[in-house]
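Please keep the sequence and the model at hand while reading.

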Amino acid sequence: VSDVPAFAAPWEARVFAMADQLRRAGALDWEDFQHRVAARIGDGATPSYADWLAVLEDSV
Amino acid sequence: MGAEHHHTGTAAHDAGPTPIELRVAALEAALVERGLIATDTIEAVVHAFEEEIGPHLGARVVARAWVDPSYRERLLDEGTAAVAELGIGGAQGAVIRVVENTPEIHNVVVCTLCSCYPWPLLGLPPTWYKSPAYRARVVREPRSVLAELGLQLPPEVDVRVWDSTSEVRYLVLPQRPEGTDAWDEQRLAALVGRDAMIGVALASSPDDVAVRATP
């Protein structure tokens, strides 16, 4: 995790925790995940946990 | 501290789970069912952010810097390493930089881009920190914004605004309140609130604490 933005709500922390746990379990390729988040939001935009959630939903 | 009044949140109030919360719950249930994650671990992380990681950690750092001049030097010099000395870390790549308030200089922190925040030291950010109004205005007119948040600075004090990013997270080292010469670290830490470490308030004075302790 190169950057963990602040959590605005508990659900954001849950999304972060899920992604982190999947990574630790080897169920999520982190680099690939970050690329897909970046691809989703476009250049230079700041990813939100809603983007993380959408990419995680696509991954499972 | 009154700062919350600055911004009227747009979060849903007691309206049941929001659509995104339902999606999070559904994903979590699916992952648990497939044995990929354990709910306990998710709870532990969320709990850590809500309870264990909070401004009390930043307050410990500030109090140590107040009582130990060599620690203060290291803190201002290499924030990340000095904070790690107290067992606080996990900023995952972000450097922690500590900026010191003096009688001449007052520092205040913002993230103009989003909501970068020294979360290992302060926990969850307040809602107003993320508000477009705070992010935009504190750069242009810091004095007015601080005054609205209840902090009136004398005109001779120089105000510096620091923009946190994903690489550098700023923390303000507030001035040690008067009348605390004989105080130990633990008592001092109780004077250091979250807002003081963002720079939108001062550390509490011993009088404030005495008033608060008297019902």
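## Helix α3 of chain A and its cover

The buried residues of α3(A) are covered by elements that include α1 and α2 of chain A together with α1 of chain B, where helices (H or I, at least four residues) and strands (E, at least two) are DSSP runs numbered from the N terminus. The buried residues in question are A:Y49, A:D51, A:W52, A:L53, A:A54, A:V55 and A:L56; buried means under 20% relative accessible area, exposed over 50%, and partly exposed in between, with a 1.4 Å probe and protein chains only. At the start of α3(A), a side-chain oxygen of A:S48 comes within 3.2 Å of the backbone nitrogen of A:A50.

## Basis of the values

The model is predicted, so local features need pLDDT of at least 70 and side-chain atom pairs count only at pLDDT 80 or more, whereas totals for chains, interfaces and linings use all residues. Residues are numbered from 1 along each chain as its sequence is written, chains are lettered from A and ligands numbered from 1 in the order in which they are written, and side-chain values use heavy atoms, with hydrogens and water left out.

## Helix α2 of chain A

Which residues of α2(A) are buried? They are A:W30, A:F33 and A:V37, and they cover an arc of only 60° around the axis, which puts them on the same side of α2(A); the arc is that of the directions from the helix axis to the C-beta atoms. An α-helix has 3.6 residues a turn, so residues three or four places apart point the same way. The buried residues of α2(A) pack against α1 and α3 of chain A, while the face turned away from the buried side carries the exposed residues A:E31, A:H35 and A:A39.

The 12 residues of α2(A) should span 16 Å at 1.5 Å a residue, and the distance of 17 Å between its end C-alpha atoms agrees with this; the expected span is 1.5 Å times one less than the number of residues. The N-terminal end of α2(A) is capped by A:D29, which places a side-chain oxygen 3.1 Å from the backbone nitrogen of A:E31. After the helix comes A:G42, which has a positive phi near 90°.

## The largest nonpolar core

The largest nonpolar core has 77 residues, of which A:F33, A:W52, B:Y134 and B:I198 touch the most other members. Such a core is a set of buried Ala, Val, Leu, Ile, Met, Phe, Trp, Tyr and Cys residues joined through side-chain atoms within 4.5 Å. Helix α1 (residues 10-24) of chain A supplies the largest share of this core, 8 residues. Apart from neighbours within four places in sequence, A:F33 is in contact (heavy atoms within 4.5 Å) with A:A19, A:L28, A:W52, A:V55 and A:L56. In soluble globular proteins, nonpolar side chains tend to be buried together.

Chain B has 12 helices and 4 strands, and buried residues make up 44% of its 215 residues. Among contacts in chain B between residues at least 6 apart in sequence, 70% join residues at least 24 apart.

B:R169, in strand β4 (residues 168-173) of chain B, counts as buried at 2% relative accessibility. The side chain of B:R169 reaches the backbone oxygen of B:T165 at 2.8 Å, and a polar atom of that side chain lies 2.8 Å from the backbone oxygen of B:Y117.

## Salt bridges

Over all chains there are 15 salt bridges, each defined as a side-chain nitrogen of Lys or Arg within 4 Å of a carboxyl oxygen of Asp or Glu. One of them joins A:D32 to A:R36, with the closest N and O atoms 3.3 Å apart; the two residues are 4 residues apart in helix α2 (residues 30-41) of chain A, and are therefore separated by about one helical turn. A:D32 is partly exposed at 36% relative accessibility, as A:R36 is at 30%.

Another salt bridge links A:E57 and B:R23, whose closest N and O atoms are 2.7 Å apart. Because A:E57 lies in helix α3 (residues 49-59) of chain A and B:R23 in helix α1 (residues 19-33) of chain B, this pair joins two chains. Within chain B, B:R64 forms a salt bridge with B:E185 at 2.9 Å between the closest N and O atoms, and the pair links distant parts of the chain, 121 residues apart. A:R14, B:E28 and B:E43 are linked in a network of salt bridges.

Technical notes. A polar contact is a pair of N or O atoms within 3.5 Å; within protein, one must be able to donate a hydrogen and the other to accept it, and residues adjacent in sequence count only if both atoms are side-chain atoms.
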